[in-house]
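Subject: Structure handover

Hello,

Here is the structure I said I would pass on. Please open it first, then read the notes below with it on screen.

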Amino acid sequence: MKKFGLVSVIIILLILFISCDKVSDPEYHIDKSACSSCGACIGICPQDAIEIGKDGKAVIDQTKCNRCGKCIAVCPENAIY
Amino acid sequence: MKKLLILLSLLLMVNLISAGITNWSDLAFQNFSSKNNSNFGFNWKHEIETDLNSNLILNFKNELFYSQKNDEFPADYSHNNEMKNSYFTNYSTLKMLYSTDLQYLKLQYSNRWFNADDTRFLINPGIGDHIKKNMIHNFDLQYKANMNKFSFSYFGKYRNLNYEQLDLENEILRTASQDDQNKNEYDLYNSADISYNVNQNLKLFTELYYKNDLNAAGLYDQINLGGGVEYDNIINLFSSISARVRYYNNISDKINNEQDHNVVTQLRYTRRFQSGISGFVSYVNRSCYDNETAQVYRVSNMLKVQAKYSYAMDHLNSSYLLLGFKFNPENDGTLGFIEHNQYIFKDIYSTADIKYSLDLFTSYSLKCEYFINSLQSFWVKNEYTHFYDIQKQNLIFFGSTLIF
C-alpha cells in the first residue's frame, strides 16, 4: 500500500511536470551521473560555453550557451538533457 | 609538424622518467571518412599518478589529438558534426590532491592548446563572431571540510582564453592588427555550499554560485542562490533510493526572466537481483516559475531506464547485455540503446552497441579487444553514425590501453 502511494505520487508529479508549457528558451544541462568527462562536448561547442567543473565533469556556462544542441549529438554517454 | 614531434618527444620523456609510478596510457589511431573524404588522425591520452604520502597525490594528465585536415569537402558537407572544432589540440592537467578524513583540497592547473591554422572559427558571445582560440588556461581550487553534522565546500576557477580576433571584410576574414592576434578574455567562477546532515539519510543544503565576467563589459555575470533537501536510503543489499529537490534563484542579464526561479527534482531507484540483473530508473525535472505571468514552465524532463544482465563466461566475468531508454522530449534527447559485451575466446572480447535517437542520429559501433592481462589490452573499433538529414560518418580506430 505504501509503495502504491509512492508510485502514484511520482506518476501524478510526472504528469503535472510534463503538462506545463515549455519554456521559450531551452536550456541544456549535464547529467553528472552519466558524464564520462571525455570532452567531446567541449570539443564541439561553437560558443566556448563548456568547461570541466569541480567534480571533473563537464559544466555548461548558461550565459554563453546559445542552445544549438550540437553537444547532445556528440555525447557518447547521452548525458546532456 | 615540428610542434607535434616536440610534443610527442616530451610525452615519451615523461613516460620514461616516470617508471615506477602508476601510468595509464590510451593511444588510438583513427581514420575518419565521410562523403568520399578520408582523414587520418590519432588521439593519445596519458595519465601519471603518484602518492607522495598517505594524504597527498600528484596527478598529471595529457591528451594530444591530431587529425589531417582536408579542405576539399563537398559544398553540402557540415563540419559541425565532426566531434571536434580543432584538428590539432593538446590538453594538459596537473593537479595535487590533499585529503584527510575531515578535509579535502585540490589545486589544479589545466591548459588547452589549439593550433590556430587547424582550428575553426568560433563565436564567443562575450567577445563576438569570428574568433580563433589559441590557448585556455584554467586555475582551479577546491576545498571541502566536514565538522560534526555540517559540511562546507568551495570551488573556484579562474579561466583565461587567449584568442585571435578576425574581421569580415568583403566576405574575407582578416586579422585586423597585430594586437588582434593575441587578445584575452577572463572569467572567474565561484561556488560554495554548506550542508547539514539531519540524520544518516537526510541532508539540508544551501548553495551559492557566482560567475564574474572579468572583461570590461562584465555583461555575462551570473548569480545563483538556493538550497534544498537530499534523501539517500540504502534499503537493503539489493536496492537503494535517492531523491534531491533544489530551488535556486537565477540572476543574470543573459538569461531569460522566465528562468529566474528554478526547481530541480531528481529521483533515482537502483535495484540488483541475485540472477546477475541490475538496473536503475532515474528521473530529473527542471521547472521554472515566471513572476510576471505567474506560470510554471518546464525547462527539461529526463527519464532514464537501464537494465544490465551480467553473465559469467570467463575469469574476468565481463560479459553483459545492457538495454536502456532515455526520454527527454524538450531537448530532442529521446533515444534507446543496446550494448552487448561478449567473451569470445582466449582473452578476446567483442562489444557491440546501437543507439537510436528519435530526432538526431542513429549510431552503431563494434569493438574487438584483446586483453594481455586485466590492465593491458589492444583493440580495434568501428563507429558509424548517421546524423539525420545531414551526413553519415565512419570512424575506424586501432588502439591500446596500458596501465603499468
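In this predicted model, the side chains of R159(B) and D48(A) form a salt bridge, with N and O 2.9 Å apart. The pair crosses between chains: R159(B) sits in strand β8 (residues 150-169) of chain B, and D48(A) is in the loop between α2 (40-44) and β2 (50-52) of chain A.

Are these two residues buried or exposed? R159(B) has a relative accessible area of 2%, and D48(A) has 5%. The cut-off for buried is under 20%, so both values qualify. As background, side chains of opposite charge can pair when their charged atoms come close.

The pair also belongs to a network: salt bridges with shared partners join D48(A), E51(A), R112(B), K133(B) and R159(B).

Some numbers on where the two chains meet. Chain B contributes 67 residues to the contact and chain A contributes 44 residues. About 4800 Å² is buried between them, and carbon and sulfur atoms give 50% of that area. Eight salt bridges run between chain B and chain A, while the count over all chains is 16. There are also 25 residue pairs in polar contact between the two chains.

R298(B) is buried at 16% relative accessible area, and E330(B) is buried at 4%.

Another salt bridge, between E369(B) and K367(B), has an N to O distance of 3.8 Å. Here E369(B) is buried at 13% relative accessibility, whereas K367(B) is partly exposed at 22%.

Which side chain does H46(B) touch in a polar contact? The partner is the side chain of N23(B), at 2.8 Å. H46(B) lies in strand β2 (residues 37-51) of chain B and is buried, with a relative accessible area of 4%.

Finally, chain B as a whole. Chain B has one helix and 22 strands, and 42% of its 404 residues are buried. Chain B exposes about 21300 Å², with 58% supplied by carbon and sulfur atoms.

Regards

Technical notes: Residues numbered from 1 in each chain as written. Chains lettered and ligands numbered in written order. Predicted model: local features only at pLDDT ≥ 70, side-chain atom pairs only at ≥ 80, totals over all residues. Heavy atoms only, no water. Helix = DSSP H or I, 4+ residues; strand = E, 2+ residues; numbered from the N terminus. Buried < 20%, exposed > 50% of the residue type's maximum accessible area, 1.4 Å probe, protein only. Areas by Shrake-Rupley, 256 points an atom, 1.4 Å probe, with all protein chains shown as cover. Contact = heavy atoms within 4.5 Å. Buried area = accessible area lost by both parts, 1.4 Å probe. Salt bridge = Lys/Arg side-chain N within 4 Å of Asp/Glu carboxyl O. Polar contact = N/O pair within 3.5 Å; in protein donor to acceptor, adjacent residues only side chain to side chain.
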